[in-house]
Amino acid sequence: MEDFSPDVFVNRDDPIPTIVLDGSTPPRPRTPSEHSDSETPSNRRKGLRGRFSAFKEKARFQDQLVEKLLAQVVPLDDAQIPQDEPQKGGSPGVVRPNFNLTTMSNNFRRFNARIGVVFVFQARVIRLLSWKRPTHTLSFLAIYTFVCLDPYLLPLLPLTILLIGVLVPSFVARHPAVEFSLTSEQAIGYSPHGPPLAPAITVKPVKELSRDFFRNMRDLQNSMEDFSQLHDGIIKLVVPRTNFSDDALSSALFVALFAACLFMSIAANVLPWRLIFLTLGWAVTCMGHPAIQRRLQTAHEKHIHPQEEKARGWVEKWVERDVILDNAPETREVEIFELQRLSSAAEWEPWLFSASPYDPLSAGRLVGARPVGTRFFEDVLPPQGWEWSEKKWALDLWSREWVEERIITGVEVETEGERWVYDIYDEQAADKVGVAEPPAPAKGKGKAPPLKPSWEEGEDGDGRRGEWRRRRWVRLVKRKNIPDTAT
């Protein structure tokens, strides 16, 4: 394996550190005995055939290494891996293949061979903020100060970085200084003139199974652990306070954020943002100095940590005292319609309880469908997420109101007694809109002909009625209190 290759990006400094938060434990590294040993050639082969065999064994070893790694992450067979249905009408030139272990293994090797540039950048940022070289950190703070005082210099930064960090080093590598074995009197300075003396710098992926390849795997392992620790820490800190598992605390946080929004909408244009960002940048950078970190740690353990419980208790008391929540559950009124059908013996027989009144012009009646519901009152259930607030159903005595609200036609309303709403058998009455009313007597023609009994009097007349009748029952429901089962 090669120990050094100048045309690749790889972090050859200290490994990327892992973050250990309070209450979390770092993963236990597996011992070499827990890994299966792969066979390696004992004798070194020579010649073309030996090189070809060695290449095949190296590729086989790479595949086995990645497959062992993936087998720990995805312990499934190919037949057990769920596959998504291919989407139609996707963007041209975009391919979304399903999961495949072979493709995953190949992509992981290619990704790990090229991810070194990210770890190099991360390591340099850590070195810069931890004051490994104070001159570099002070230079960064000087540039940061200029940008904060004059934000119009911000678009100049990427151009300067491209110029000084990429083009100048590439030119110097292409035109290196000539080495002379001369005395100090004969030595000359650097001269960019003349033809190129060295090949151009190219960036290549690291060779698989090289030392740099495993350095990338080491840093990738530590970065995944950092992300998992930060993710779990943020979830533990933010979610219990924002998901209203504690209504009082989340409500207090909502009020505080709303007040902050109002304040920022008014005072945002008068705050000294340049000074604020300048102070924050210097404070964060100085906190990375080892001496200041030790002092901050000592001050936290001596002064801040003993006061944390007192501050937390003060906040909890304020929330309990000032945040008043309406603990009464929301109530609604639900309805059910009792349907009865006229039998061949001219008697009304119970049919079912339905959520629809099944009036003559309803969609179900027009297409000839039977009403849908349950045969017994006890089988009527509250809506999902609700529970009964009253023990019994109550008969709606204002039957005319719900008929008019639904603009039901072709029915006769009973305003007294059991409050049934009948279908009208007379076809002419079915064309009228609203509730059937008795016709007014004609003027100047003497005594009007005898009328059928009016429904408003609630009398049993001798006129024929339709096939169905219904009445409305109501009952109160309240929101069901779902206990918090989260652990």
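Let's start with Trp131, which counts as buried at 15% relative accessibility (buried is under 20% relative accessible area, exposed is over 50% and partly exposed lies in between, using a 1.4 Å probe and protein chains only). Trp131 sits in the loop between helix H3 (116-129) and helix H4 (134-149). Its phi is positive, at about 60°, although Trp131 is not a glycine.

A word on what you're looking at: this is a predicted model, in which local features need pLDDT of at least 70 and side-chain atom pairs count only at pLDDT 80 or more, while totals for chains, interfaces and linings use all residues. Residues are numbered from 1 along each chain as its sequence is written, and side-chain values use heavy atoms, with hydrogens and water left out.

Now step back to the whole chain. Its secondary structure comes to twelve helices and eight strands; these are DSSP runs numbered from the N terminus, with helices being H or I of at least four residues and strands being E of at least two. Of the 487 residues, 22% are buried. The chain exposes about 37000 Å², and carbon and sulfur atoms supply 60% of that (accessible areas come from the Shrake-Rupley method with a 1.4 Å probe, and for residues only the protein chains shown count as cover). If you take the contacts with a separation of 6 or more, 66% of them are between residues 24 or more positions apart; contact here means heavy atoms within 4.5 Å.

On to helix packing. Two packed helices are described by the angle between their axes and the distance between the axes. Axes are lines fitted to C-alpha atoms, for helices over the stretch in contact, and angles run from 0 to 180 degrees between N-to-C directions. Helix H2 (residues 101-114) packs on H6 at an angle of about 95°, with the axes 8 Å apart. So H2 is roughly perpendicular to H6 (angles of 65 to 115 degrees count as roughly perpendicular, under 35 as roughly parallel, over 145 as roughly antiparallel and the rest as oblique). From H2, the contact uses Phe108, Arg109, Phe111, Asn112 and Ala113, and from H6 it uses Phe213, Asn216, Met217 and Leu220. By class, that contact has six nonpolar, two polar and one charged residues; Ala, Val, Leu, Ile, Met, Phe, Trp, Tyr, Cys and Pro count as nonpolar, Asp, Glu, Lys and Arg as charged, and the others, Gly among them, as polar.

Follow H6 (residues 211-242) along and you meet helix H7 (residues 247-267), which packs with H6 at an angle of about 95°, the axes being 7 Å apart. That makes H6 roughly perpendicular to H7. Pro240, Arg241 and Thr242 of H6 meet Leu249, Ser250 and Leu253 of H7.

In helix H8 (residues 273-287) you'll find Ile276, partly exposed with a relative accessible area of 29%. Its C-alpha atom is separated by 9.1 Å from that of Cys148, 128 residues apart along the chain.

Two loops are left to visit. Ile407 lies between helix H11 (399-405) and strand E6 (411-413); it has a positive phi near 50° without being glycine, and it is exposed at 60% relative accessible area. Glu418 is in the loop between E6 and strand E7 (421-424), partly exposed at 43% relative accessibility. Leaving aside residues up to four places away in sequence, Glu418 touches Leu395 and Arg471.
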